[in-house]
Amino acid sequence: MRPYKPMWEVKQQADPGVLDLYIYGYVEDETYVDDGWLGHWVESENSANHLRQVLSEHPNVTQINVHINSRGGSVVEGTAIYNLLKRHAAHKTAYIDCWACSIASVIAMACDEVVMPRNTLMFLHEMSMVAAGTSAQLRKAADDLEIMNATGRSAYLLKAGDKLTEERLIEIEAAETWLTAQECVELGLADRVEDYDSDMTPAQEYFKRANQNLELMLQTHQQLSAQLRQLTNQATPAEPTPAADPVPNPQPEPGPEPTPPAEPPQPQQNTILNLFSKI
């Protein structure tokens, strides 16, 4: 079984009053651990419940450093994380180590100070959802989503103060905007730009693991495709070898009419093989 490598890391510094949180990867309540042919679900270390447990284990911290490198995830989990951090009595500093996208940028807004090295980014966009049902139900889903978007904007507006209006924020989200560190400071979403480039090694490690998962899935499908081809070759009858044309006899012997040869059996089509023919 391939060991699970967490994306969330907690470090207690030598100073017992300082706690470092590293939020890397998707914000979600559960994560799927792929260990080959079989996998299983475990509670995500990027979940609100995990953060609640961590904070309960360190009740006396006065400084929390939240390092973020995430492409976003669950609005439900991210909003709960935001509120857990927001009401904590410690002073909180968010460090954007690479990028804070979608709900991950909302988590950063819970901190008293947001620090962004000059080569880091935030990504803001409207919430999205999947809906199915009647026309009335779909219209209601759209109306509900408008309410959720309006509620979600409150975290940005509270952090930005008078530097950002709701009308401008609506335009930014509708355009699905990438914001540089300097732009975030100008909009009030960050407090300062560090005059150095962030160490992207953790981000590289994250994508390295993501690529390894993708390669493992591809290898699995290729092995399955090869086994299906082998089974199909064993089950499909071989094509009959056509007989050579007989030499004509100028004086044929009289006899009964020859029985026409039966048509050779047609090879059976294998639907499963066709599904994997392009792997």
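Predicted model: local features only at pLDDT ≥ 70, side-chain atom pairs only at ≥ 80, totals over all residues.

Q: Which residues make the contact?

A: On the H1 side you have Ala48, Asn49, Leu51, Arg52 and Leu55, and on the H2 side Glu77, Ala80, Ile81, Leu84 and Leu85. Sorted by class, the contact of H1 with H2 has seven nonpolar residues, one polar and two charged.

Q: Let me zoom out. How many helices and strands are there in the protein?

A: The secondary structure comes to eight helices and 10 strands. Of the 279 residues in the protein, 36% are buried. If you take contacts between residues at least 6 apart in sequence, 68% of them join residues at least 24 apart.

Q: New topic: how many salt bridges does a search of the whole structure find?

A: The search finds nine. Glu173 and Arg153 form one, with their closest N and O atoms 3.5 Å apart. That pair links distant parts of the chain, since Glu173 is in helix H5 and Arg153 in helix H4 (residues 135-160), 20 residues apart.

Q: Are Glu173 and Arg153 buried or exposed?

A: Both Glu173 and Arg153 are buried. For Glu173, the relative accessible area is 4%.

Q: What else is Glu173 in contact with?

A: Leaving aside neighbours within four places in sequence, Glu173 is in contact with Leu124, His125, Glu126, Arg153 and Tyr156. Glu173 itself lies in H5, which covers residues 166-174.

Q: Which residue forms a salt bridge with Lys159?

A: That would be Asp191, and the closest N and O atoms are 2.8 Å apart. Lys159 lies in helix H4 and Asp191 in the loop between helix H6 (181-187) and strand E10 (192-194), so the pair ties together parts that are 32 residues apart in sequence.

Q: How accessible are Lys159 and Asp191?

A: Lys159 is buried, with a relative accessible area of 17%. Asp191, at 39% relative accessibility, counts as partly exposed.

Q: Where do Glu171 and Arg168 lie?

A: Both lie in helix H5, three residues apart, about one turn of the helix. Glu171 forms a salt bridge with Arg168, and there the closest N and O atoms are 3.5 Å apart. Arg168 is partly exposed, with a relative accessible area of 40%. Elsewhere, salt bridges that share partners join Glu113, Arg192 and Glu194 into one network.

Q: Now the strands. In which sense do strand E6 and strand E8 pair, parallel or antiparallel?

A: Strand E6 (residues 91-101) and strand E8 (residues 121-124) pair in the parallel sense over three bridges. Trp99 stands opposite Leu121 in E8.

Q: And what about E8 with strand E9, parallel or antiparallel?

A: Antiparallel this time: E8 and E9 (residues 177-180) pair over four bridges. Met122 has Leu179 as its bridge partner in E9.

Q: What is phi of Ser102?

A: Phi is near 55 degrees, a positive value in a residue other than glycine. Ser102 lies in the loop between E6 and helix H3 (103-108). At 18% relative accessibility, Ser102 counts as buried. Glu176 is not a glycine either, and its phi is positive at about 50 degrees. You'll find Glu176 in the loop between H5 and E9.

Q: Last one: where is Leu189?

A: Leu189 is in the loop between H6 and E10. At 0% relative accessibility, Leu189 counts as buried.

Q: Which residues is Leu189 in contact with?

A: Leaving aside neighbours within four places in sequence, the contacts of Leu189 are Met109, Val114, Met122, Leu124, Tyr156, Lys159, Ala160, Leu164, Leu179 and Cys184. As for Leu157, its C-alpha atom and that of Leu189 are separated by 8.6 Å, with the two residues 32 apart along the chain.

Terms used:
Residues numbered from 1 in each chain as written. Heavy atoms only, no water. Helix = DSSP H or I, 4+ residues; strand = E, 2+ residues; numbered from the N terminus. Buried < 20%, exposed > 50% of the residue type's maximum accessible area, 1.4 Å probe, protein only. Contact = heavy atoms within 4.5 Å. Nonpolar A, V, L, I, M, F, W, Y, C, P; charged D, E, K, R; others polar. Salt bridge = Lys/Arg side-chain N within 4 Å of Asp/Glu carboxyl O. Pairing = 2+ DSSP bridges.
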